[in-house]
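Happy to walk through this one with you.

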Amino acid sequence: MSKTRQHFGPGAMVAAAFIGPGTVTTATLAGGNFGFTLLWAVAFSVIATLVLQEMTCRLGVVGKLGLGDAIVQKTQSRGLYIPAAALVICAIFIGNAAYEAGNITGAAVGLPKFSVMDINLWGVFIGAVAFLLLASGKFRLIEHVLVGLVVCMALVFVGTAVVVAPPFLEILKGLITPTVPENGILVIIGLIGTTVVPYNLFLHAATLKRHAADGVTLAEARRDITISVLGGGLITLCIVITAAAALYGSGAPVVSLNDLAPTLQPLLGDSSSTFLAIGFLAAGLSSAITAPLAAAYAVTEIVQLRPELKHRVFRWTWQSVIIAGVLFASLSLKPLQLILLAQIANGALLPVIALFILWVSNDKTLLREHSNNRIQNLLGCAVVGITLVLGLRSILLATGWL
C-alpha cells in the first residue's frame with residue numbers, strides 16, 4: 001500500500017461528519033423551496049470549511065498539536081484558560097450529545113418501523129454499531145468505515161442527481177450568483193452552519209496529530225482534506241439539485257425528508273425509497289461515529305490530567321455522547337431544551353474557534369515557515385467575520401430574539 005493511500009482518511013472523517021441528517025435535511029429544504037438559487041451558499045460553505053480545515057492541517061502536522069492542546073498552550077499564561085475550557089467543554093459535549101440523537105434518528109429515516117413497546121430498536125442498533133467501532137480502538141478501521149460511508153453517500157446522491165437530469169445553466173447561475181430569496185436567510189445559515197462545524201476542527205487536528213507521528217506530510221494532509229471536503233460539498237450540491245429538480249415549483253412547500261422519496265418514484269421507480277434510505281443511513285451512521293469521537297478529543301485535550309486519567313475521560317466522553325443519543329432516539333423523545341442549549345453554545349463557539357485558529361496559525365514559533373501568509377489571513381478574517389454574524393444570529397434565533 002502506498003504511503004499516500006495509507007494516510008488517506010482524516011479528511012474523509014471530516015466529510016463524513018458534516019454530511020449528516022442535518023445537512024441532508026437542510027439541503028432538501030433549500031432545493032425544494034428555493035430551487036437552484038442557494039447553490040452559492042453551499043459553494044461558500046465548502047470554501048470556508050477548506051480555509052479553516054487547512055489551518056488545522058498545519059496545526060496537527062507541523063505543530064504536532066490538537067486544537068484542544070493549542071487552546072491550553074495559548075491561554076494558560078493569559079488567564080483565559082478556564083473560560084476557554086468551559087466554553088469548549090459545554091459547547092462540544094452538550095451540543096454533540098444533542099446532535100447524536102438527531103444523527104441516530106436520521107440514519108433510520110428510510111428504514112421500516114422496528115420497535116418494541118414504543119422503543120425504536122433502530123436507534124439502539126445504530127448506536128450499538130457506533131459504540132462497537134469506537135470501543136475497538138482501531139482508528140484505522142474507523143477511518144476506513146467512514147471512507148466507505150462517504151463513497152456510499154456519494155454514489156446515492158450523485159447518482160440521484162444524474163437521474164433527475166437538472167438544467168446545467170440554472171445550476172451554474174445558482175453557483176455564481178449570490179442571492180437571498182424571501183424567507184431564505186435561515187436556510188442559508190443552515191447550509192453554512194451544517195458544513196462549517198466547530199467539532200470537526202477538533203477532530204481533524206487531533207487525528208492528524210496522530211498521523212503525523214506515523215510520518216504523514218503536510219502535502220498529503222492538504223490533499224486529503226481538499227479532496228474530502230470537495231467530495232462532501234459535491235454530495236450536498238447534489239442533494240440540493242435533486243430536490244430543486246424534483247420538488248421546486250410543485251406548489252406545496254417542502255418541510256421534511258419524507259417529501260423527497262415519493263416525488264422521485266417516477267424517476268427511480270420502485271427502488272427510490274431503498275436508494276434514498278441507503279443514503280440517509282450512511283449520512284446518519286457516519287455522523288453518529290464522528291460526533292462522540294470529536295467530543296472525546298476536544299474534552300480530553302483541553303483538560304489537564306495525567307495521561308492515564310485522560311484515557312479514561314476519553315472513553316467516558318464518547319460513551320456518554322452515544323448513550324445520550326441512543327436514549328433520546330430510541331424513546332422517540334425530542335430533547336428541545338438540550339438542542340436549544342446546543343444552538344446557543346455552538347453559535348458562540350464557532351466564531352471563537354475560528355478566531356482562535358487564525359491566531360494560532362500566525363504563531364511563527366509554532367508553525368515556523370508554515371504560519372499564515374497575507375492571503376490566508378485575508379481569507380481567515382473573512383470567514384471569522386461571517387461566522388461571527390452567523391453565530392450571533394444563531395444565538396438570537398435560539399433565544400427567540402429573531
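Accessible areas here come from the Shrake-Rupley method with a 1.4 Å probe. The model is predicted.

Q: What is the mean pLDDT of the protein chain, and which element has the highest?
A: The mean pLDDT of the protein chain is 81, and 86% of its residues reach 70 or more. Among the elements, helix α1 (residues 3–6) has the lowest mean, 45. The highest mean, 93, belongs to helix α4.

Q: Over which residues does pLDDT stay under 50?
A: Where pLDDT is low, the predicted coordinates should not be read in detail. In this model that caution applies to a stretch with six contacts beyond four places in sequence, where pLDDT stays under 50: residues 1–6.

Q: How many helices and strands does the protein chain have, and what percentage of its residues count as buried?
A: The secondary structure comes to 18 helices and two strands. Buried means under 20% relative accessible area. Of the 402 residues, the share that counts as buried is 53%.

Q: Is T49 buried or exposed, and which residues does it touch?
A: T49 lies in helix α4. Its relative accessible area is 3%, so T49 is buried. Not counting residues up to four places away in sequence, T49 touches T195, V196 and V229.

Q: What distance separates the C-alpha atoms of A43 and L191?
A: A43 also lies in helix α4, and at 23% relative accessibility it counts as partly exposed. A43 and L191 are 148 residues apart along the chain, and their C-alpha atoms are separated by 9.8 Å.

Q: What percentage of the contacts with a separation of 6 or more is between residues 24 or more positions apart?
A: Among contacts in the protein chain with a separation of 6 or more, some join residues 24 or more positions apart. Their share is 86%.

Q: Which residues make the nonpolar surface patch of about 290 Å²?
A: One member, V124, is found in helix α7 (residues 121–136). V124 is partly exposed, with a relative accessible area of 37%. The patch is made by I119, V124, L327 and L331.

Q: What is the phi of K64, and what is that of R368?
A: Most residues other than glycine have a negative phi. K64 lies in the loop between α4 and α5, while R368 is found in the loop between α17 and α18. K64 is partly exposed at 45% relative accessible area, and R368 is partly exposed at 47%. Phi is positive in K64, near 55°, and positive in R368, at about 55°.

Methods: Residues are numbered from 1 along each chain as its sequence is written. This is a predicted model: local features need pLDDT of at least 70, side-chain atom pairs count only at pLDDT 80 or more; totals for chains, interfaces and linings use all residues. Side-chain values use heavy atoms; hydrogens and water are left out. Patches are made of residues with over 30% relative accessible area and no salt bridge: like charges are joined within 9 Å, nonpolar side chains (Val, Leu, Ile, Met, Phe, Trp, Tyr) within 5 Å. A salt bridge is a side-chain nitrogen of Lys or Arg within 4 Å of a carboxyl oxygen of Asp or Glu. Helices (H or I, at least four residues) and strands (E, at least two) are DSSP runs, numbered from the N terminus. Buried means under 20% relative accessible area, exposed over 50%, partly exposed in between (1.4 Å probe, protein chains only). pLDDT is the predictor's confidence in each residue, from 0 to 100. Contact means heavy atoms within 4.5 Å.
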